[in-house]
Each structure stands twice: as C-alpha cells, then as structure tokens.
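Trainee: Please take me through the start of the chain in close detail. Then show me what packs together further inside.

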Amino acid sequence: MTQSETIAAIATPPGEGGIGIVRISGEDAIHTASKIFRPRGKKIGSLSEAESYHAVYGDIIDGADVIDEAIAIVMRAPRSYTREDICELQCHGGAVVTRAVLSLALKNGARLAERGEFTKRAFLSGRLDLSQAQSVMDIVGAKTESALRVAQGHLSGRFSGEIKSCRQKILGTIAHLEATIDFPEDDIDDVALDEARSSISRINEKIGSLLSSAHTGRILRDGLLTAIIGRPNVGKSSLLNHMLREERAIVTDVPGTTRDSIEEHAEIAGVPLRIIDTAGIRETSDAVEKIGVKIAERYIDDAELVIAMLDSSQPLTDEDIKILSRLKAQNKDVIYLLNKSDLAPAIGENEILSIIGAPSPDVVIFSTRTSQGEKELEDAILKRVYGGKKMEADEGIMASTEREADILRRASMSLRAALDSIESGMSEDFITIDLRAAWETLGEITGETVGDDIVDEIFKKFCLGK
Ligand code: GDP
C-alpha cells in the first residue's frame, strides 16, 4: 500500500440524516471528484479549478445522469487533515445516496479506505502524533463532557508536549554523560554525575505525576464501571433513574422486576459512570431471575465500584446480610446507601458496620424521593476518581489509556535503573543504556519509536471514514 493511493469512504454515520459526506483523499482526489461532480453556475467549470476551503454547489453525476444535488469542498495539500489533497462531497444523508456517491468515487479511481486510514495518513504525514491520532477516536467516542475534555487535551498536543519535553531532557542528559566518556583518562566527575542524578530524578518525578493522573484519565475516558446491588425493592432502579434523570428501568413495587442487568452511562459531578443495574443477588427458583443473579455476581467481580443499597426503613433481611457478607469477603470498594431515609428508620450505620466491620466505610443516608444524600454520594465518587483533590485545569495533561500508563511505568523503571547505576558507582555506559531505553519507551506514546504492526493495530480500532 502506498500512501499516495487515493482513498474514499462515507464519513458520516450510516442511516438517514440531513447530509451525508463522502470523503476522498490522495493524489488523485480532486481529479476523481471532478469526474463525478459538476458545478452549477458559471464561476468554475470543474472542481480542479476550485479554491481550497471554498464550498462549490453542483450535482453528483454518473455520466449523463444526475445522482444528487451536492456541495463539494476541496482542501489542497498540505493544508488538509491528511496533508494530501482532499475533496469532501456533501450530499443528502441517506444510506442509498451516500453509497451511490461512494461507489462512483470508487469507479473513478479511488479505492475504499480502511478503518482509520484518513487519520493514519495524518499520523504518517506527521500532522498528528500517535497520541493525538488516538485522541481523535476518543473525541468521536466520548460519552461525557469530561471524557471530551481529556481527549481535546490530547488532540491539542499538550500531553504529547510533556512527553516530548521529557524525551528531550533525557537526550540532553545522555549527551552530557557521553561527553565525559570521551575523556576516559579523567574519572567521570562528581559534578557531572550530580547533575545527571538530579536531572533524571526530575524527569522521573514528571513521569510519576503523569502516571498518577492515569487513573483519573482512564476513568474520565472510559467511565467508572459501577454496579448497583441490593435485594429487590430497596430502590436500585429508582436510583438509576435518579442518576439518569429519565425513566429507563421499570420501577415497580413487585420484588424482583429488574431482571436483566442493564448498562447505562451517567455523569455524576463530572465523572462518567458506566452503571450496571443488576437484578439483585437473590436465591430463587425462578429461571429468569437466576440468570439475573448470576449476572449480578459476575458484575460485582468486574465492577470497580459497588453501590450497595439497603432499605433503611426495614430491618436487615437474610438477603441483605448475605450480600453484605459477600462484599466483605470480596474486599470490594463499596459505597453503602441507606435508602428511603424519608421513611422512619429501622436500621442505621451501626447495623452495617456490625456485619462488614470495616474501619470507615462510606455509608450514605439516602433517599431517591427527597434526594437526601446526593451530595455525599457525589463526594464519595469524586474521592475515588481524583483521590481527594479535584483536578480541573490540567485535565488534558494526563495519560488516558492503559497503553499510555504502561509505557510511562516502563519508562520510569528504566529511569530508576539509571539512578541505581549512579548510586552504585557503575560506569557511564550502564547509565546511558537505561536512559536510552527510557527515551525509546516514551517514544511509543508519540509514535516515534513504534513498529508498523502496533500502528496498524491502533488504527484498526477506528471507525470507517475517520
Ligand atoms: P429495586 O427492585 O431495588 O430496583 O427497587 P425499585 O427502584 O423498583 O423501588 C422499589 C419501591 O421502593 C418503589 O415503589 C419505589 O418507589 C420505592 N422507593 C425507591 N426509593 C425510595 C425512597 O427513597 N423512599 C421511598 N419512600 N420509597 C422509595
């Protein structure tokens, strides 16, 4: 595959909509587009005369047939998304019409783009680094505003900028140490070593702080997988509805109505939650409910956070005690909600403590009816995401994927190894080997030191037309 091949794809989602866009990129993009688009009016005779970034009104044509009315925009290299010539054809947004326009483009010299190929070309041409390219997908897939903010921070290059600056400093330190190696008759002087030591420590601290934000970044990007559990009728569906502020789960007075677990996306205090509403852990002979119970158990295992609900207006039942004991045995991160606080209380925090025995669990007196405890629930969730401190200004400067976190961890290990070599008086060669490894590793984030296979792997996850 050569990069100059001209590619085409439908860039808008399938289905019906106001407009549908077919995007063509590559050396022949404008030539291909001019064969299937005829400008109306007298200003220009063909798209090849169109000015960059100027909309041209006309018709999509197949020989003598008019397929659709459309607007074409030409973006000439290198000032385009891919840095190649691009032409975007905006036609009516229907599955058949966009497919017809695409197949015309394919008949006239383009080939179908692979997933993520436009963005991959933007990466290969140096317009975006790998971290920025990945963030394009995160922007498209962002489920909450905070996820979008993190992705925007990546796309703007602020995160990559930090990584590039760390790499630059590592190179500087290597050069400094190597300069002393060139004079083997002198012992490497203590001043040079001291400088290297403090420079490496500073870089490692920076990486440490990026790494410590990775937990937050990942949650803001992917959402915190949260399971709401509790026996039937404690108010799980009501809580979910309360969080979603719309009637999704069916709320009834009959125990055990929420049979299947559903996953919903909600945002609490800016934190995206992927909430699994489980059917409640319950021993039952009902076949459908048994499946629900199985799902509940599995999700407790998978969940990063469990919201355990109890009905505070009633004494603890055997079922409640079973659920609490199971959570205790599994050592899960749990927020306990004592729901229905608007009714006369039959149980309080002490009853829970007597079973779970944890030193200071989060117990929130709550009511889905009056919203009592909402603020405390938000605080309990924020504590888990930001570790107590609210991070706002620098939200873009955080690792947001496990891949990035893993790279930072490996780079930090190499830097620590370099520091150990200094401490134990090893020769400069040993120190620079580890520094080089750290430099190489960090380059995997920006894509400067990754192989084609990893690049392919990353772009395969993109959607068509992106
Ligand atoms: P689930 O089976 O755990 O999902 O429980 P539901 O959400 O279906 O709620 C069961 C019943 O409890 C419904 O009649 C709700 O209206 C009621 N309920 C839920 N939350 C509260 C609350 O905070 N106060 C009171 N008084 N009733 C509630």
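Mentor: Start with strand 1 (residues 7-10) and strand 2 (residues 17-25), which pair in the antiparallel sense over 4 bridges. This is a predicted model: local features need pLDDT of at least 70, side-chain atom pairs count only at pLDDT 80 or more, and totals for chains, interfaces and linings use all residues. Residues are numbered from 1 along each chain as its sequence is written, and side-chain values use heavy atoms, leaving out hydrogens and water.

Some terms first. Strands (E, at least two residues) and helices (H or I, at least four) are DSSP runs, numbered from the N terminus. Two strands pair if DSSP finds at least two bridges between them.

Strands 1 and 2 make a hairpin, with 6 residues between them. In that turn, G15 has a positive phi of about 110 degrees. Look at I7: its bridge partner in strand 2 is S25. I7 also stands opposite R111 in strand 7. Strand 7 (residues 111-112) runs parallel to strand 1, joined by 2 bridges.

Now the packing. A nonpolar core is a set of buried Ala, Val, Leu, Ile, Met, Phe, Trp, Tyr and Cys residues joined through side-chain atoms within 4.5 Å. Buried means under 20% relative accessible area (1.4 Å probe, protein chains only). The largest core holds 29 residues. L239, M243, L337 and L377 have the most contacts inside it; contact means heavy atoms within 4.5 Å. Helix 13 gives the largest share, 6 residues. M243 touches I228, A266, I268, L273, I275, I307 and L377, not counting residues up to four places away in sequence.

Key: Buried < 20%, exposed > 50% of the residue type's maximum accessible area, 1.4 Å probe, protein only.
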